[in-house]
Amino acid sequence: MDEIYDPAAVERAAQDYWERHRTFEVREDAGRQKYYCLSMLPYPSGRLHMGHVRNYTIGDVLARFMRMQGRNVLQPMGWDAFGLPAENAAMSNRVPPARWTRQNIEYMRSQLKSLGFGIDWSRELATCDPSYYRWNQWLFLRMLEKGIAYRKTGVVNWDPVDQTVLANEQVIEGRGWRTGALVEKREIPMYYLDITRYAEELLGDLERLPGWPERVKVMQANWIGRSEGCEIAFPYAPDTRSALSADGALKVFTTRADTLFGVTFMAIAAEHPIALTASSGNPRLAAFVDECRRGSVMEADVATQDKKGMPTGLHVLHPFTGKPIEIWVANYVLMSYGEGAVMGVPAHDERDFEFALKNNLRIAAVVRSKTGAYEHVQAPWNPAYSEYGISVDSGEFSGLEFRAAVDAIAAALEKRGLGRRRIQYRLRDWGISRQRYWGCPIPLIHCGRCGEVPVPDEQLPVLLPEDLAPDGSGNPLNKTPAFYQCVCPKCGGAARRETDTMDTFVDSSWYYLRYTCPDQARAMVDERVAYWLPVDQYIGGIEHAILHLLYSRFWTKVMRDLTLMACDEPFTNLLTQGMVLNHIYSCATTEGRRRYFNPAGVRPRSENGVDIFEATTTEGETVRVEYGGLGKMSKSENNGVDPEGLIARFGADTARLFTMFASPPEQTLEWSDEGVQGASRFIRRLWSAVHEHVRQGLPAGAAAGTSSDVGKALRRAAHHALAKATDDIGRRRNFNTAIAAGMELLNAVGRFDDASEGGRAVQHEALEIITLMLSPIIPHVCHALWHALGHERAVVDEPWPAVDEGALVQDTVEYVVQVNGKLRGRIRLAAGSDENTVRQAALADEQVARFVDGKPVRKAIVVPGKLINIVV
RNA sequence: GCCCGGGUGGCGAAAUCGGUAGACGCAAGGGACUUAAAAUCCCUCGGGGGCAACCCCAUGCCGGUUCGAGUCCGGCCCCGGGCACCA
């Protein structure tokens, strides 16, 4: 029965074995070195996709490899179970999100199990379980106590038809993606987490993460966006004082305090309080402010807008000259950065320049570049205008170079109480309120008498009712009195429960901590977290390079400061796997849209020597389709490959082998049906090689005792492949080349024909090495083959084999001979030959002699054991 | 606009510290087995020249450093990604 490889039977047997023996359930063991291998938890969308298969296979290979290296390996799995798709599914088929989500989890868990991942399922969690999200609520209350969580009015995209907040991605050309209604910017109260309090540490600690890809660290650093500059206060002129009926000053932040004498206007955001006051008696200004506040809050859209503005008629005074400067409302000033106001220096800032040109504002140059590249600032804009240089026309500060000018101006401002040096971050506080049903309730109560009252700890968790189904008309919690009606914990009076839920990024910010103690009912985490954390290897998509990874780092630091644990950087090593790509085929529809066809159903055909592609529509019609290149597998472009079909046809090992072999993990992976066939072919070849070998009985002798040249050569090949796989998996994380080494070794076994007892022992050893070294990648087939090779113990419990250095030693080595750097011959020499011997032998070579051609040898460079270059 | 990656056969890729460019796999072509097909096995497979031994060219383009460059340096072209009026 073993003659034919039957993946379904082989995989069932191996998986049964692991399950029966609870192979992957782990416990803390102070005596063993731990290895926490974590893959990003999936959203339970319904079915696994290839991205999941790739992600979890990478994690599983590392987990199994480390297990063989003797480490106490934790590889958990859970579900990022709250979120929008469940609500959308509820709207289209009237199923409560809870039921839809839990059904999906059931199904996807069985899919994960069919792939044979070595997961400790006893630690599984779902973020929609009250036993999990109660601790979101608990920590939120601690943050509230510390002032890290706070309430503030925030600007959101508001869909007036659905009565709901839209994420930026849900706003398409200014309209709601579902309703098509014009989206409004609306200010609503939201809860924020003060991540900016940790900006400095989040930035600085990136240097302590050598195991992270450089580009992820750069992306985070850019996102945090640290700027050194000055805060400058421009005192209100009398007109502003009376309009606001207050004394005071308009504050701005600038990185170019040296250009302070070049200010010709002030620009404030439409949301700035002064803009609101100024527009009250000015309908035209009010209309402009209104226009600015409508439309997308997406910054990429804002960035491409024309610079527009309108004067307020109000003024401030220059902090040094005392001259009045008019305040303008400008659409390019962001309320959410700095002070929501800027000093307009058109001569030295491109945006201010554009604005001044459009509005006929004065341009005053106050910096001369060191190269003297320009004298007068005039249109068109020249990038040199914004270069650092020597201050001119700047009163007492004239003649100073950038740094000195900033120092002197900052000091002078500070003396007058009109400014100071300050660091500004681009990072904003994290707004976590979502006007959504399917999420973790925010544990607050609004009382008419007591105001905002936290839910007492003993009343946690605030349970989310699971029987509701949104219908598109806003958050159903708002229409469920049983949820929102409550008593105020302070005064006992009638009160209203907060109906907003938390951003799902909250859920995924600490799940990796909870895996260490999922059964802990009394605390968020316990002492087990100290054993397992930090995560040794984290694996996930590059799309989480900023938000998820930054939030998790922040959350960890908050928990450290609350002394819940000592760890302050959660992920020691990070591997960001590339996307899985497939071909895209589509045709235009009569409505001018595109209709996409799955590549599996596309038939290529040659017509008059031109390649054309055809597909069949759901109506059974044959249509001609266009090839659209490669793209990420996605629903919208209908180019996904269902892992389930792949496993049914070829088995999980083939799916795993293909995804690991086709490209290195960080790079994109191009789907190839032929490549899958190739992976399957290799597994069958390995299967028959082992069975053919053992059919002749197990050899008695030891491989190390072989004396034949071919035997020694195969031993060398086997140990060389093993050394390569050890380094490739363990250090380089290049699984494709480790697999190639295994294939090469199997090819060598195929060519090997020494049927003597010694030869068979060497062959046996080589097959054992292949089985062991590939077992992390194709664990099921290796489980079967290891038993076939005569072993009692399961391969999963075997240690990683040691390289026999003695087997790698060669008696003779091949030298490449170059003449003037060009390859001219090869010579075989005894290992350890001295330079002179190498040189003599090289010059004696006929081919080499031809190219030396009697010319005097000027130089000969010898790379021991490898190469000699003769320079003539 | 700024900041990262990356350009190597027909294709996915390899070459890890400056030392034999193209390992491994896919596709293709040829052959064996077969009534036939599939599967399997063997051979060829960057381009050009040569009867052959071999030679020349070739890692996006131009230049440089070096005995020697896919790899290092300078300049450009193209592709992908991130951020994007951040004052």
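Guide: Start with an open sheet of 4 strands, in the order 6-5-9-19, with antiparallel pairing. Strand 6 (164–166) and strand 19 (430–431) are at the edges. Each has a single partner strand, so one side of each has no neighbour in the sheet. Two strands pair here if DSSP finds at least two bridges between them. Helices (H or I, at least four residues) and strands (E, at least two) are DSSP runs, numbered from the N terminus.

A word on the source: this is a predicted model, where local features need pLDDT of at least 70 and side-chain atom pairs count only at pLDDT 80 or more, while totals for chains, interfaces and linings use all residues. Residues are numbered from 1 along each chain as its sequence is written, chains are lettered from A and ligands numbered from 1 in the order in which they are written, and side-chain values use heavy atoms, with hydrogens and water left out.

Back to the sheet. Strands of a sheet pair through backbone hydrogen bonds, either parallel or antiparallel. Strand 5 (residues 149–159) and strand 9 (residues 184–193) run antiparallel, joined by 10 bridges. Two of the partners in strand 9 can be picked out. G154 is bridged to I188, and W158 is bridged to E184.

W158 also has a bridge partner in strand 6, namely V165. Strand 5 and strand 6 pair in the antiparallel sense over 3 bridges. They form a hairpin with 4 residues between the strands. There, Q163 takes a positive phi near 55°.

Now step back to the whole chain. Chain A has 28 helices and 37 strands. Its C-alpha trace spans about 105 × 85 × 70 Å along its principal axes. Of its 872 residues, 53% count as buried (under 20% relative accessible area; exposed is over 50%, partly exposed in between; 1.4 Å probe, protein chains only). Take the contacts in chain A with a separation of 6 or more: residues 24 or more positions apart account for 71% of them. Contact means heavy atoms within 4.5 Å.

One buried residue is T556, with a relative accessible area of 0%. T556 lies in helix 18 (residues 547–561). Leaving out residues up to four places away in sequence, T556 touches Y512, M565, C567, D568, E569 and P570.

Next, a helix pair. Helix 23 (residues 735–751) and helix 24 (residues 757–774) pack at about 160°, axes 10 Å apart. The two are therefore roughly antiparallel (over 145 degrees; under 35 is roughly parallel, 65 to 115 roughly perpendicular, the rest oblique). In helix 23, the contact residues include A738, G742 and L745; in helix 24, they include Q763, A766 and L767. The contact divides into 12 nonpolar residues, 2 polar and no charged.

Finally, another open sheet of 4 strands has the order 35-34-37-36 and mixed pairing. Strand 35 (822–830) and strand 36 (859–863) are its edge strands, each pairing on one side only. Strand 36 and strand 37 (residues 867–871) run antiparallel, joined by 5 bridges. K859 stands opposite V871 in strand 37.

Terms used. Axes fitted to C-alpha atoms, helices over the stretch in contact; angles between N-to-C directions. Nonpolar A, V, L, I, M, F, W, Y, C, P; charged D, E, K, R; others polar.
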